[in-house]
Amino acid sequence: MAKLLVTELEVAIGRGPHASAILSPAALAETMSREYFTIISAISEVAHGRDYLSDSKLEEQLERLGDYTSLNYLTKTIMGQLDYSFSGFFSRRLFEDWMAKRNRDLRLYGSTVLRALLRSHVVELEEWAVQVLVDLAQEDHLEVAESAVSTLEEASLTIRYLNAIVQKRPNIAHIPSAESLLYRLTSCPAGFHTLSQSQWMTSAMEAWRGPALVKYVMKVESALGKIFVEANRASSEKRDAFSHLTSTIHKHVGFGRPPQSVGTAVRVQSPIPLYLH
């Protein structure tokens with residue numbers, strides 16, 4: 001199987017994405033050929049499996065994929081099929097190799113894959129995933145850096161992920177979208193201690209004493225206003241549905257007149273038991 005994949009990868013790299021019989025876009029969409037890589041990932045979890053893959057040179061061919069943007073469809077597919085659990089260091093090493101490539105679209109997709117993995121709470125994942133994201137946040141390409149910061153910000157809502165981020169001491173103050181994450185890091189003692197030694201904390205405190213406080217209050221008021229409007233709308237829809245239900249019961253059962261609503265109360269004028277209203 002590994003030799004077959006090596007041959008097909010060589011065909012795809014040398015002759016283009018549509019030349020491969022099992023790794024073309026159509027084949028990946030219409031067959032289960034992508035599952036080969038899930039099997040390969042599982043094989044790599046045991047010593048003799050790793051020896052087998054090493055002899056086949058498959059990992060070298062897979063690593064080369066990141067150099068060809070025309071094959072991003074294939075690299076992304078493989079990236080989504082690999083097992084990144086604690087024992088899947090073959091997959092992690094391959095992922096890191098791809099993230100080191102100067103392939104912007106691939107690195108953006110990698111950030112999305114890590115977001116999904118962190119959401120799934122894979123065991124023993126956080127330290128590795130956070131380190132990869134912190135490295136991506138140092139990229140010169142702003143879009144890649146901001147995507148990594150966005151993923152870290154979402155992950156920081158989970159305490160063990162937050163602690164892992166703090167331990168990595170990410171240098172992200174220069175990224176415009178990192179402000180929310182930096183504030184989040186100050187919510188734990190270790191993060192506050194780390195950031196208190198930085199220039200960012202000084203400038204953040206100065207801003208908070210001025211326009212930042214007003215901006216924050218306006219955001220809170222706006223958020224509360226939206227909540228109250230939505231709650232009022234939901235309450236109104238509930239009352240309308242309740243009124244429609246009781247009117248329908250009276251219409252089809254034929255007891256007396258429909259109940260008359262006064263405010264939020266219902267005055268029943270029929271023999272129908274109160275619990276039906």
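This is a predicted model: local features need pLDDT of at least 70, side-chain atom pairs count only at pLDDT 80 or more; totals for chains, interfaces and linings use all residues.
Biologist: Now the rings. How many aromatic pairs does a search of the whole structure find?

Modeller: The search turns up three. One of them joins Tyr-84 and Phe-95, with 5.4 Å centre to centre and 85° between the planes.

Biologist: Where do the two partners, Tyr-84 and Phe-95, sit in the chain?

Modeller: Tyr-84 is in the loop between helix 6 and helix 7, while Phe-95 belongs to helix 7. They are eleven residues apart, and the pair links distant parts of the chain.

Biologist: And Phe-95: buried or exposed?

Modeller: Buried. Its relative accessibility is 0%, and the cut-off is under 20%.

Biologist: Why is the pair of Tyr-84 and Trp-128 called stacked?

Modeller: Here the ring centres are 5.8 Å apart and the planes are at 15°. Stacked needs planes under 30 degrees apart, so this pair qualifies. Trp-128 is in helix 9, 44 residues away from Tyr-84 in its loop. Both Tyr-84 and Trp-128 are buried.

Biologist: What do ring pairs make of Tyr-84, Phe-95 and Trp-128?

Modeller: They link the three into a cluster.

Biologist: On to the helices. What makes helix 6 largely enclosed by the rest of the structure?

Modeller: Count its residues: seven of the ten are buried, so helix 6 is largely enclosed. Among those seven are Leu-74, Ile-78 and Met-79. The cover over them includes helix 1, helix 2, helix 3, helix 5, helix 7 and helix 8.

Biologist: How do you know that the length of helix 8 agrees with what it should be?

Modeller: Helix 8 has 16 residues, and at 1.5 Å a residue it should span 22 Å. Its end C-alpha atoms are 23 Å apart, so the two agree.

Biologist: Which helices do the buried residues of helix 8 pack against?

Modeller: Helix 6, helix 7, helix 9, helix 10 and helix 11. The buried residues of helix 8 include Leu-106, Val-113 and Leu-117. Just after helix 8, His-121 takes a positive phi of about 55°.

Biologist: Last stop, the largest pocket. Which residues line it?

Modeller: Glu-179, Ser-180, Tyr-183, Trp-208, Ala-212, Lys-215, Tyr-216 and Lys-219. Helix 12 and helix 15 each give two or more residues to that lining, with the largest share, four residues, coming from helix 15. The volume of the pocket is about 300 Å³.

Biologist: And the whole protein: what does its secondary structure come to?

Modeller: 15 helices and two strands. Of its 277 residues, 38% are buried. The protein exposes about 15,800 Å², with carbon and sulfur atoms supplying 57% of that area.

How values were computed: Residues are numbered from 1 along each chain as its sequence is written. Side-chain values use heavy atoms; hydrogens and water are left out. Buried means under 20% relative accessible area, exposed over 50%, partly exposed in between (1.4 Å probe, protein chains only). Accessible areas come from the Shrake-Rupley method with a 1.4 Å probe; for residues, only the protein chains shown count as cover. The expected span of a helix is 1.5 Å times one less than its number of residues. Contact means heavy atoms within 4.5 Å. Rings of Phe, Tyr and Trp (its six-membered ring) pair if their centres lie within 6.5 Å; planes under 30 degrees apart count as stacked, over 60 as edge-to-face and the rest as tilted. On a 1 Å grid over the protein atoms alone, a cavity is a set of points where a 1.4 Å probe fits but cannot get out, and a pocket is an open set with protein on both sides within 12 Å along at least five of seven lines; lining residues have an atom within 4 Å of a point. Grid points are joined across faces, edges and corners, and a volume is the space filled by probe spheres set on the points.
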